Amino acid sequence: MKILPKQSVCPHCKTVYRYSDLKKIMWKKSDSCYHCKKNFRISRKSFWILALEMIIIYAIMNVIAIGLIESVNFISLFIMNVIPALAAVMLLPLYIEMKKEKKTKMHK
């Protein structure tokens, strides 16, 4: 099971993409490399891994908060849940996988 994301690189020329570039292409289905100009598709399967990691973190934090802290109120639980959510949003572009586009055969 993959816990940490791989570094996002072009599948053709292995050019490393910066965080700001990943944010720009995050919701596209495909794009072309700014270095080699070859097309690649963007896979978001790793987003599910991030979602599962966040669910586990939320569950552990809430069990600890409710079980160990005597006076838990809504505000403290809200703050404890917002901080990991903001962290997940910041990590989202790092969970992009770039894959070579499948070549389709042209029929004559």
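Ile56 is partly exposed, with a relative accessible area of 48%, where partly exposed lies between buried (under 20% relative accessible area) and exposed (over 50%), computed with a 1.4 Å probe and protein chains only. The model is predicted, so local features need pLDDT of at least 70 and side-chain atom pairs count only at pLDDT 80 or more, while totals for chains, interfaces and linings use all residues. Residues are numbered from 1 along each chain as its sequence is written, and side-chain values use heavy atoms, leaving out hydrogens and water.

**Overall layout**
- The protein chain has three helices and three strands, which are DSSP runs numbered from the N terminus (helices H or I, at least four residues; strands E, at least two).
- Read from the N terminus, these elements follow the order α-β-β-α-α-β.
- Of the 108 residues in the protein chain, 26% are buried.
- Among contacts (heavy atoms within 4.5 Å) between residues at least 6 apart in sequence, 56% join residues at least 24 apart.

**Surface**
- The protein chain exposes about 8,300 Å², and carbon and sulfur atoms supply 67% of this area, as computed by the Shrake-Rupley method with a 1.4 Å probe.

**Nonpolar core**
- The largest nonpolar core has 16 residues, of which Tyr17, Leu22, Ile25, Phe40, Phe47, Ile96 and Met98 touch the most other members; a core is a set of buried Ala, Val, Leu, Ile, Met, Phe, Trp, Tyr and Cys residues joined through side-chain atoms within 4.5 Å.
- The elements giving two or more residues to this core are α1 (19-25), β2 (39-43) and α2, and α2 gives the most, with three residues.

**Cysteines**
- The count of disulfides (pairs of cysteine sulfur atoms within 2.5 Å) comes to zero.
- The sulfur of Cys36 is 3.7 Å from the closest cysteine sulfur, in Cys13, and is therefore too far for a bond.
- Cys13 is partly exposed, at 28% relative accessible area, and Cys36 also counts as partly exposed, at 26%.
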